[in-house]
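Open the model in your viewer and keep the selection panel at hand.

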Amino acid sequence: MYGELTVKKILHIENLDCPVCAEALQTDLSKMKGVNSVSVDYVTQTITLDADDETTLARVVKKVNAFEQVRVLDGGMYAMKCNSRMKEWLFIGISAVLFLAGFLVERLFSGLPWTIVYYILYATAYLLVGHGVLISTCKNLIKGRVFDENFLMTVASIGAIALGEMSESVLVMLLYQLGELLQLIAVGSSRKSVAGLMALKSETATILVSGEQKTVQPEALQVGDLIVVKAGERVPTDCILQSETAVMDTKSLTGEAEARAYKMGAEILSGCINAGGMVELKVFRPYRDSAVAQILDMVENASAGKAKPEKFITKFARVYTPIVCGLALALAIFAPLLEGWMINGNLQFSNFDRWVQSALTFLVISCPCALIISVPLSYFTGIGVCAKNGILVKGATYLDTIAHAKVLAMDKTGTLTEGQFRIVKVHAHADETELLSFLAAVERGSSHPIAKAFIGVESKYFAERVTEVAGCGVSAEINGKQVCIGTAKWLTEQGVFVEEIDSIYTVIHVAQDGKYIGSVEVGDCLRAEAKETLDRMEKLGFIHRIMLTGDRIARAEKLSNEVGMSAFKAELLPTDKLAMAEELKKNGGLIYVGDGINDAPVMATADCAVSMGKLGSAAAIEASDMVLISDNLSALPKAVKIARRTRAVVMQNIIFSIVMKVGFMVLGAVGVLPLWLAVFADVGVMLLAVLNSFRVRFIG
């Protein structure tokens, strides 16, 4: 009903060991009444759900727990049970020994007693290693789920038994289970690499209550609480430093190896590790809004935004398996009939056993696991690598977008510049120290951004009767003398003779008792890494690099030339920026980098919006598709490289898997490939594709 709130939830699950099963579970859940949308992700072992109410959510949990061996976890992200898989290894090992014993008995001895012996050995080995597959197939058939890998392996192995190839049947199931186990280990390794991000969260926090230390959960901290963080401990939530100094290791949060030094009053984000002595901090943001909470939330939700190749593979798998099953059936029936007609001139089966064997081989090879696993795994790994390098990505689709992008547009203030005014140059008629002291005294109580340029300037004076004239300047009384600071035009209107200065920066003129005593140029300084970042982006193929700003043309031109922009547009209103973004998109995919707050309309229009806003800003997170945690532009070209490597690996896996599958299927269809080798080929292709996905981790 319109206006009612829905329940949005991410369920963490375990034992979802089959990508085809993930698709089946998603289909079952999507048919439930009250479920608006659902996405089951095999790689991350999560279910993203939008339900009508808590009652529907409870029914979903019950249905998930009843699906195969899948269970909903009570813990947090990737809180998987420690499972050494010793049971699986043990079954495979014993089955392999029994198979080898049966194989030797079959080859070395003859006679009915020995035949019974090796049949018993083969049967025991088969049931030991394949009982799980057989049970799953029966359950799925009862539920109407036919075309999955369990069904394919059951048909192939039982078919081999029917043809009298008992040893081949056991070997097929043995190789399949070994491949499945290796697949789980490989995918689990990737999950753990991203699950390592959970280490960012502190399990406890030490709060000061009446001078005494008390251990609490980070979620229990409130704004204004005083906490202590000992050497080697993580900061539990975003805080303000109360101690004189602190040294923090921010590598796990920003990807930067160098430790950072902080002074009293500095903002320290959660997730940082105290690399010095014990420090005292004041909480200024609750845990739910902290840097760590936002990082984990974004990484956790990233799998919901699927890229086009992922969507293609999902749709492909739905129709692929039924088609190949139909082709296998046709191969088993029509091929021997065709051969009989060609040899004898009438429709009768010829070499029926041989063609059934080929059909079974065709079925085994056709399993699409290599594609279903490796493609989402590649994107999942790419998102994890970005997170470890201080880059948060909201979904795989944005990795794809940034990999294809050709145009880069950037805001100026707070993006190319630091967003903080500083004193650039002083023009004093007499004592420079005196001039700055007057300015610092007058600006001390002002909230204007320019006033921040004088925060570090010491002043022996105290301003009284301060009057601010919007857009013009400020007047005050200092030691009985009238001091005016502001624009040249305003001071001239006060009867002060002002020396005009041609500068690209903001010029503040100062007069004392109507006498001009000098001026100060104040400007927003360029980020130290800005030029190098733009040079690297140019080398990555971004020919169009445009700065969009509302600042004056002269100032924009100087900064644009200094940083290495290919073009700039100045004196733009927010609506003008929006129109420019639409125009720039005609040249290719557009990446827009801004502060995530003032540029929200442009960021919504861009193909991929990257926020330079502080991670603590909820607006920055909301407006952007990617967030640079460290507020360092150098992470941008790194994000492009990771995205392009991920995309390349995805395409390699798709092409490799399809080409190899088609090749092996042709060989199997014509009878060149034996059944056991077909399983080996299928497992091999899948493992190679999964291992290739891991290459995303290694970005030069």
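This is a predicted model: local features need pLDDT of at least 70, side-chain atom pairs count only at pLDDT 80 or more; totals for chains, interfaces and linings use all residues.

Residues are numbered from 1 along each chain as its sequence is written, and side-chain values use heavy atoms, with hydrogens and water left out.

**Helix 14**

Select residues 432-443, helix 14. Helices are DSSP runs (H or I, at least four residues) and strands are too (E, at least two), numbered from the N terminus. Nine of the twelve residues are buried (under 20% relative accessible area, 1.4 Å probe, protein chains only). Among them are Leu435, Phe438 and Val442. Now show strand 16 (417-428) and strand 21 (515-526), which are included in what covers these buried residues. At the N-terminal end, Asp431 is the cap: a side-chain oxygen lies 3.0 Å from the backbone nitrogen of Thr433.

**Thr237**

Move to the loop between strand 7 (226-229) and strand 8 (239-241), and pick Thr237. Thr237 counts as buried because its relative accessibility is 0%. A polar atom of its side chain lies 2.8 Å from the backbone oxygen of Arg285. Thr237 also touches residues including Leu221, Ile268 and Tyr287 (contact: heavy atoms within 4.5 Å).

**Helices 16 and 21**

Select residues 530-539 and 635-669. The axes of helix 16 and helix 21 are 8 Å apart, at about 25 degrees. The two helices are therefore roughly parallel (angles under 35 degrees). Show Thr533, Arg536 and Met537 against Leu636, Pro637, Lys638 and Val640.

Key:
The expected span of a helix is 1.5 Å times one less than its number of residues. Buried means under 20% relative accessible area, exposed over 50%, partly exposed in between (1.4 Å probe, protein chains only). A polar contact is a pair of N or O atoms within 3.5 Å; within protein, one must be able to donate a hydrogen and the other to accept it, and residues adjacent in sequence count only if both atoms are side-chain atoms. Axes are lines fitted to C-alpha atoms, for helices over the stretch in contact, and angles run from 0 to 180 degrees between N-to-C directions. Angles under 35 degrees count as roughly parallel, over 145 as roughly antiparallel, 65 to 115 as roughly perpendicular and the rest as oblique. Lists of a residue's contacts leave out its neighbours within four places in sequence.
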